[in-house]
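Visitor: I would like to go through this structure and hear the grounds for each term used.

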Amino acid sequence: MLLLCYPRCSTCKKAQKWLDEKKINYHYRDIKEDNPSAEELGVWLRKSGLEIKRFFNTSGQLYKSMGLKDRLPSMTDEEKLSLLSTDGMLVKRPLLIGDDYVLVGFREQEWTEKLV
């Protein structure tokens, strides 16, 4: 499993702690230092079955300062993936990538159902 997090994010810290307590192995990747590519995001989007908007950190400062709430509806999915790949702070986190699933954000019940 691959866990993409931002080290200073409290939700990411909760997710890491939860995984560690459950003794679930994962590879950690700092989403700010090693931002996912548009290709990676496209694969994860398809694997997740979610809407692309779920991959955006809609509560983040960068999202708000760029006015993305108003801009996203007129963008294609390819443009959105390209935009997400420009800065890890635009991406909702944590992201947990498994062989056949992608979990976006940390919801303990969802993670428990999928992993325990």
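Guide: What follows takes the terms in turn and sets values against cut-offs.

Guide: Note that this is a predicted model.

Visitor: Why is Tyr63 called buried?

Guide: Buried means under 20% relative accessible area. Tyr63 has a relative accessible area of 5%, so Tyr63 is buried. Tyr63 is found in helix H3.

Visitor: Which residues is Tyr63 in contact with, leaving aside its neighbours within four places in sequence?

Guide: On that basis Tyr63 is in contact with Lys53, Phe56, Asn57, Thr58, Leu68, Lys69, Leu72 and Leu90.

Visitor: What makes Lys17 exposed?

Guide: The cut-off for exposed is over 50% relative accessible area. Lys17 has 52%, and therefore counts as exposed. Its place is in helix H1. Between the C-alpha atoms of Lys17 and Ser48 there are 23 Å, with 31 residues separating the two along the chain.

Visitor: Why is Lys23 given that label, exposed?

Guide: Lys23 has 70% relative accessibility, so Lys23 counts as exposed, the cut-off being over 50%. Lys23 lies in the loop between helix H1 (10-21) and strand E2 (27-30). Its phi is near 55 degrees, which is a positive value in a residue other than glycine.

Visitor: Where is there a glycine with positive phi?

Guide: Gly49, which follows H2, has a positive phi, near 75 degrees.

Visitor: Why is Met66 called partly exposed?

Guide: Buried needs under 20% and exposed needs over 50%, with partly exposed in between. Met66 has 25% relative accessibility, so Met66 counts as partly exposed. Met66 lies in the loop between helix H3 (61-65) and helix H4 (68-71). Leaving aside neighbours within four places in sequence, Met66 is in contact with Arg71, Leu83 and Leu90. The C-alpha atoms of Met66 and Leu2 are separated by 28 Å, the residues being 64 apart along the chain.

Visitor: What makes H2 and H5 oblique to each other?

Guide: H2 and H5 pack at an angle of about 120 degrees. Angles of 65 to 115 degrees count as roughly perpendicular and those over 145 as roughly antiparallel. The angle falls between those ranges, and H2 and H5 are therefore oblique to each other. Their axes are 8 Å apart, and H2 passes H5 in a right-handed crossing.

Visitor: Which residues make the contact of H2 with H5?

Guide: H2 gives Ala38, Leu41, Gly42 and Leu45, and H5 gives Leu81, Ser82 and Leu84. These residues divide into five nonpolar, two polar and no charged. Gly counts among the polar residues.

Visitor: Which residues of H2 are buried, and what do they pack against?

Guide: Leu41, Gly42, Trp44, Leu45 and Ser48 are buried in H2. The buried residues of H2 pack against E1, E2, H5, E3 and E4.

Visitor: At what angle do H1 and H6 pack?

Guide: The angle is about 35 degrees, and the axes are 12 Å apart. The crossing of H1 and H6 is right-handed. H1 brings Ala15, Trp18 and Leu19 to the contact, and H6 brings Glu108, Trp111, Thr112 and Leu115. Here the residues divide into five nonpolar, one polar and one charged.

Visitor: How many residues has the largest nonpolar core?

Guide: The largest nonpolar core has 38 residues, and those with the most contacts inside it are Trp44, Phe55, Leu95, Trp111 and Leu115. The elements that give two or more residues to this core are strand E1 (2-5), H1, helix H2 (38-48), H5, E3, strand E4 (102-104) and helix H6 (108-115).

Visitor: Which contacts does Leu95 make, leaving aside its neighbours within four places in sequence?

Guide: Leu95 is in contact with Leu2, Leu3, Leu4, Trp44, Phe55, Val102, Leu103 and Val104, those neighbours being left aside.

Visitor: Where is the cis peptide bond?

Guide: The cis peptide bond joins Arg93 and Pro94, with omega about -5 degrees. Pro94 is found in the loop between helix H5 (77-84) and strand E3 (95-97).

Note on methods
Residues are numbered from 1 along each chain as its sequence is written. This is a predicted model: local features need pLDDT of at least 70, side-chain atom pairs count only at pLDDT 80 or more; totals for chains, interfaces and linings use all residues. Side-chain values use heavy atoms; hydrogens and water are left out. Helices (H or I, at least four residues) and strands (E, at least two) are DSSP runs, numbered from the N terminus. Buried means under 20% relative accessible area, exposed over 50%, partly exposed in between (1.4 Å probe, protein chains only). Contact means heavy atoms within 4.5 Å. A nonpolar core is a set of buried Ala, Val, Leu, Ile, Met, Phe, Trp, Tyr and Cys residues joined through side-chain atoms within 4.5 Å. Axes are lines fitted to C-alpha atoms, for helices over the stretch in contact, and angles run from 0 to 180 degrees between N-to-C directions. Angles under 35 degrees count as roughly parallel, over 145 as roughly antiparallel, 65 to 115 as roughly perpendicular and the rest as oblique. A crossing is left-handed if the near helix is turned anticlockwise from the far one by less than a right angle, and right-handed if clockwise.
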